[in-house]
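Please examine the sequence and the three-dimensional structure below before reading on.

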Amino acid sequence: MTFEEIQKQAKSNWDSQYHGKAPHILIGTATCGRAAGALPVVEAFSNELAKRNARAKVTEVGCIGLCSFEPLVTIIKPSSFTVCYNNATPQVVPTLVEGYVLGDDPCLDLALGTLDGGDGKAVYIPELSRFEHEYRLLLRNCGYIDPGNINHYIANGGYSSLAMALQMEPDTIVGEIKKSGLRGRGGAGFPTGRKWQQCREASGQTKYIICNADEGDPGAFMDRVVLESDPQQVIEGMVIAAYAVGSHDGFIYIRAEYPLAIERLQVALEQAKNLGLLGDNILGSGFSFDIEIVEGAGAFVSGESTALMYAIEGRRSMPRARPPHSVKAGLWGKPTVLNNVKTYAYVPLILARGADWFSGIGTEGSKGTAAFALAGKMVNTGLAEVAMGTTLHELIFDIGGGIRSGKKFKAVQIGGPSGGCLPESMLRTAVDFDSLRKAGAIMGSGGVIAMDEDNCMVDTAKFFLDFIQKESCGKCSTCRIGSKQMLDMLEDITVGKGKIEDIDWLVEVGQDISGGSLCGLGRTAPNPALTTIRYFRDEYEAHILEKRCPALVCKELIAYYILPEKCERACEHCVLSCPVKAITTNEKGIKVIDQSKCTKCGSCQLVCPPEYNAVIRLSPPSLVPVSGAKTQE
Amino acid sequence: MEELKPELVDILVPNKKDRRHLISLLQQVQYKFGYIPKEAMLAIADFLEIPESTVYGIATFYNLFRFTPLGKHPVKVCMGTACHLAGGKLVLEAMARELDIQVGGITSDQEFSLDRVACVGCCALAPVVVVSDSVYPRMTPPKVEEVLVTVKPVSQEQPEKH
């Protein structure tokens, strides 16, 4: 088949589903949708449609990034408007089928809003204020097309860049990518075009293309969403890269923790192969390229490029010294281009719309958009894609909707375990490679986690150090031993055994680790501790000097206490919830916590009815009135 | 070489004797048995003609691999950043207390095993617990018992001996 024929076939498949006579129901079933209960909703629709003998098609799509509204159901109806329903359950399915699939009632009371047209009253989703701040390139198809149907991708312009690229000189393609200013989205931000050129110029017949989908940063999930929702854009980008550098073998190294992404990638690869867009003699051009999926085995350091190549070779993923650079001697010693999922996904767009278009988006040093995973205490958790240079404030408040439950914003952690915690005063920082690095954080993989007044900065630093210490591959002693030392010091501080000179020690050891480690993981490992010291030194001092945890998090420095004046005497919730039977009723009928038994699990505070709200936390524990504490320690 | 379990033979035989497949072989063993038995490591070393210490070294380097059997309902408590900030540690402690096992352990009736995982990518629903293949969102210590009862109702008699 020629590409024109493939396109024609794809278009007719797409039209029959999205512009057909029957209603079309889209249900988001990416991992987060599933976790929120999307699969029972799919089943409920199938059952209800069968029962009512209704003619309608159900399609499982990916994720549009509005995680807090999952499961999301969209009903497209010919000659009426498209409605999107949030937090759907199997219980509402009969109402939706009766109301909108079969009838003319769009059930707008159950809807998040309309997508295409509207009644003028309901929310028009594209006009939600968050979308004014977003610029969606990578996510443009996510949640809209069926990731398991290559026709949908092709019908929306997919693979036309590859068809065009195969008619171009490889050098011209490399030139375009260089001109676009695209920098690698894995975190380090190396110019992609330069990488490709170096690999193209490297000597040797065998060259490899690798896609890094080992998204190990705990708190980032953009790569997963891209692969689960629109995998073909990544594959197309890889084939173009292969053609440009002259490679015939590609690998996608993906975390085993992402089973659905792996499954959807397998389907996507097979479909691309069946249409001649991958494999031997791609689109009759004589150029051949194939892709193999390699599952990771769970090591954060595998995300480092040289370490990842060792993992593919079946060895321990330990980074090595450079040079030689991977573009000259990478996988099995051959020239290799390794890029992140998102980097490849930009490639087809750049070729289709031109390098000048791409370089017109973003800032001087960072072109294009950036995708972020918004998590933590934000109202709108999920995915966002913005032009580079957007401020953190816009990201957290205008798109993320600010902090939940009326709490006060305290810090934003950006860039994962290698990133940093930035305070409110830094919210004017633009998100681009260079501004974030200057502020002490990094772009990293794009996890953005908002913290409120209930989060302790010392505890957060300890959390990341604990992660790094466990994940350190052990090759460099500064990282292996230094991270352990920093963790021990932070542990001491959180249990009230810290000394004031520990703060400067932490900074000093941190600088040693940064200076003496081989790979990016080691060099950036102290960032969470260093930035929290830089911006929240007062919290460290409170822990050390006053034995007080201002956020009431560090267990050794807090005590639970039941306010006698608020305790409703007939209620037994706390007594029953306590796993260690530390709560008893005194002679006045008031509940009292035996501090010597209390394990500080927090159950009593969670179950105390909100109208009483009698359980509080105190820090330091010595604040507990003596009558309320039978014994102290 | 002693007699190999037929399942192990099924995993090894279709593969090429290439060092490259070491991690993938270990993964297949783990998918099949739920953990990496010692005899499987010996068999892989023998099959790939590499030292046993290399196989052991790789298996212990990567977090995915475990060396003790999984429970019938494996419990994984997410310890990613978002889950940590939302109180994941208290959930893990409650789970350990309720099951009366430590992280990495298995209950005496082989029903539950307990592990911590780095991130399951459901940060918007933090803190989460994964039991078998179901994700339980927005967990709290008091909800732990509820979840365990849903998975294995208490009224049920002790399961048959394994």
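Predicted model: local features only at pLDDT ≥ 70, side-chain atom pairs only at ≥ 80, totals over all residues.

Residues are numbered from 1 along each chain as its sequence is written, and chains are lettered from A and ligands numbered from 1 in the order in which they are written.

Chain A contains an open sheet of five strands with mixed pairing, in the order β2-β1-β3-β4-β5. Strands (E, at least two residues) and helices (H or I, at least four) are DSSP runs, numbered from the N terminus; two strands pair if DSSP finds at least two bridges between them. At the edges lie β2 (57–61) and β5 (111–116) of chain A, each of which pairs on one side only. From one strand to the next, the twist averages 20 degrees. Strand β4 (residues 82–85) of chain A runs antiparallel to β5(A) and is joined to it by four bridges; T82(A) has D116(A) in β5(A) as its bridge partner. Helix α3 (residues 38–51) of chain A lies across β1 (24–28), β2 and β3 (73–76) of chain A and runs at about 160 degrees to β1(A). Angles run from 0 to 180 degrees between N-to-C directions, with axes fitted to C-alpha atoms, for helices over the stretch in contact.

Further along chain A, the axes of helix α8 (residues 170–180) and helix α9 (residues 192–201) come within 7 Å and cross at roughly 155 degrees. The two helices α8(A) and α9(A) are therefore roughly antiparallel (an angle over 145 degrees). In their contact (C-beta atoms, placed from the backbone, within 7 Å), the residues of α8(A) include V174(A) and I177(A), and those of α9(A) include W196(A) and R200(A). By class, this contact of α8(A) with α9(A) has four nonpolar, three polar and three charged residues. Ala, Val, Leu, Ile, Met, Phe, Trp, Tyr, Cys and Pro count as nonpolar, Asp, Glu, Lys and Arg as charged, and the others, Gly among them, as polar.

In helix α16 (residues 392–399) of chain A, the residues L392(A), E394(A), L395(A), I396(A) and I399(A) are buried (20 or more other C-beta atoms within 10 Å of the residue's own). Their cover includes α5 (129–133) and β10 (369–376) of chain A. After α16(A) comes G401(A), with a positive phi near 80 degrees.

Finally, 37 residues of chain B are in contact with 39 residues of chain A. The side of chain B that touches chain A divides into 24 nonpolar, nine polar and four charged residues.

Methods. Parallel < 35°, antiparallel > 145°, perpendicular 65-115°, else oblique. Contact = placed C-beta atoms within 7 Å. Buried ≥ 20, exposed ≤ 12 C-beta atoms within 10 Å, placed from the backbone.
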